[in-house]
Amino acid sequence: MQPRNMSMSGVVDLAAVKAAQEAKAKAEQARADAARQGGGGGGVTPASLVIDVDEAGFEREVLQRSTEVPVVIDFWAEWCEPCKQLSPVLERLAVEYNGRFLLAKIDVDANQMLMQQFGVQGIPAVFAVVAGQALPLFQGAAAEAQIRGTLDQLVQVAEERFGLTGLTVDGDAEPGSAPEAPEMPAGPYDALLEAAVQALDAGDFGGAVQAYRNVLSDDPANTEAKLGLAQAELLQRVQGLDPQQVRKDAAEKPGDVAAQIAGADLDLVGGHVEDAFGRLIDTVRVTVGDDRDAVRVRLLELFEVVGGDDPRVIAARRALARALF
């Protein structure tokens, strides 16, 4: 297969990387302008990391948001004395963890249906929802050290299994203080990103991969480099494949992890996003151990190629959660 003849069918648009660079520059300029005028930085505020949720808002505030950040649920009631000990600790930790999880407080007296749906037997009771999947954490007023350990595990699982890295939190400025200028990453990123795009256009996928990695080594959160790297690595993987043989192997060897991973790569390059995700989720269901982990990691990599905000990725994250748990 010749690299220049590969069709990404709109899934990996090489021009989109350059457009993303321009969009980022405009966004950074807008944030700088807002900062000079006393505006916010575009993320959530520390206060918004703790929210009250009822039955009407549960799907929007918990289920939908759980596709971008783990949501910890605190079931409580005004008359519950242990709740009065636990809730302030959870609220403080939600701010301290700085966007790595969102705390949703549910009053059981006003939301009996939610209490029944989660099978809550007594309060306080703490659950988590990750990628649409509910997980019990603990019941009762646990010690803070135990709570921290549980939250650390939750954050790690959410990031490693589902790629959920949390929310960006704006810092609170002291009253009367001048807003700080947004921190700009150091380094010639425009030149490196442009070089990566040119390498992609020329079919030099190895060169593009290295250029994106050079950016990420200094600026690990660079969105354009992360997206570009995922795309370049995908193109590099399929560059030497025989599509006909890959599809034959994937069809004839449903239990072969390598065959299914290669098939998913080709599916995505051909623009068949749901097919790629579905193939790997089905493989997760029938594998264990290292094989399952390899499939899960490749699926997260393909999520990066398509983009975390894409509805197909959000739906696939939920399906992956059901398959894993």
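Student: Let's start with one side chain. What relative accessible area does Arg237 have?

Tutor: The value is 26%, so Arg237 counts as partly exposed. The cut-offs are simple: buried is under 20% relative accessible area, exposed is over 50%, and partly exposed is in between, using a 1.4 Å probe and protein chains only. Keep in mind that this is a predicted model, where local features need pLDDT of at least 70 and side-chain atom pairs count only at pLDDT 80 or more, while totals for chains, interfaces and linings use all residues. Residues are numbered from 1 along each chain as its sequence is written, and side-chain values use heavy atoms, with hydrogens and water left out.

Student: OK, so which residue does Arg237 form a salt bridge with?

Tutor: General idea first: side chains of opposite charge can pair when their charged atoms come close. The rule here asks for a side-chain nitrogen of Lys or Arg within 4 Å of a carboxyl oxygen of Asp or Glu. For Arg237 the partner is Glu301, with the closest N and O atoms 3.9 Å apart. That pair links distant parts of the chain, with Arg237 in helix H8 and Glu301 in helix H12, 64 residues apart. Glu301 is partly exposed too, at 29% relative accessibility.

Student: How many salt bridges does the whole structure have?

Tutor: A search of the whole structure turns up 19. One of them joins the side chains of Lys105 and Glu91, at 3.3 Å from N to O. Here strand E3 (residues 102-107) supplies Lys105 and helix H3 (residues 81-96) supplies Glu91, 14 residues apart. Lys105 counts as buried at 9% relative accessibility, whereas Glu91, at 30%, counts as partly exposed.

Student: And which pair sits about one helical turn apart?

Tutor: An α-helix has 3.6 residues a turn, so residues three or four places apart point the same way. Arg296 and Asp293 are 3 residues apart in helix H12, so about one helical turn separates them. Their side chains meet in a salt bridge at 2.3 Å, N to O. Arg296 is buried, with a relative accessible area of 8%, while Asp293 is partly exposed at 35%. Elsewhere, salt bridges with shared partners join Arg92, Glu96, Glu144 and Arg148 into one network.

Student: Back to H8. How many residues does that helix have?

Tutor: Helix H8 has 16 residues, 223-238. Helices (H or I, at least four residues) and strands (E, at least two) are DSSP runs numbered from the N terminus. The expected span is 1.5 Å times one less than the number of residues. H8 reaches 23 Å from its first C-alpha to its last, close to the expected 22 Å. Its buried residues include Gly228, Leu229, Leu234, Leu235 and Val238. At its start, a side-chain oxygen of Asn222 comes to within 3.2 Å of the backbone nitrogen of Glu224.

Student: Which residues touch the most other members of the largest nonpolar core?

Tutor: In soluble globular proteins, nonpolar side chains tend to be buried together. A nonpolar core is a set of buried Ala, Val, Leu, Ile, Met, Phe, Trp, Tyr and Cys residues joined through side-chain atoms within 4.5 Å. In the largest one, with 54 residues, the answer is Ile147 and Phe277. Leaving aside neighbours within four places in sequence, Ile147 has contacts (heavy atoms within 4.5 Å) that include Leu86, Leu90 and Phe138. A second, separate core of 28 residues includes Cys80, Val108, Val129 and Leu167.

Student: Last one: how many aromatic pairs are there?

Tutor: A pair of rings is described by the distance of the centres and the angle of the planes. Rings of Phe, Tyr and Trp (its six-membered ring) pair if their centres lie within 6.5 Å; planes under 30 degrees apart are stacked, over 60 edge-to-face, and the rest tilted. That gives 6 aromatic pairs. Phe58 and Phe118 have ring centres 5.8 Å apart and planes at 80°, so their pair is edge-to-face. Phe58 is buried at 9%, and Phe118 is buried at 13%. Phe75 and Phe127 also form an edge-to-face pair, 5.8 Å centre to centre with 85° between the planes. Phe75 lies in strand E2 (residues 71-76) and Phe127 in strand E4, so this pair ties together parts 52 residues apart in sequence. Phe58, Phe75, Phe118 and Phe127 form one aromatic cluster.

How values were computed. Polar contact = N/O pair within 3.5 Å; in protein donor to acceptor, adjacent residues only side chain to side chain.
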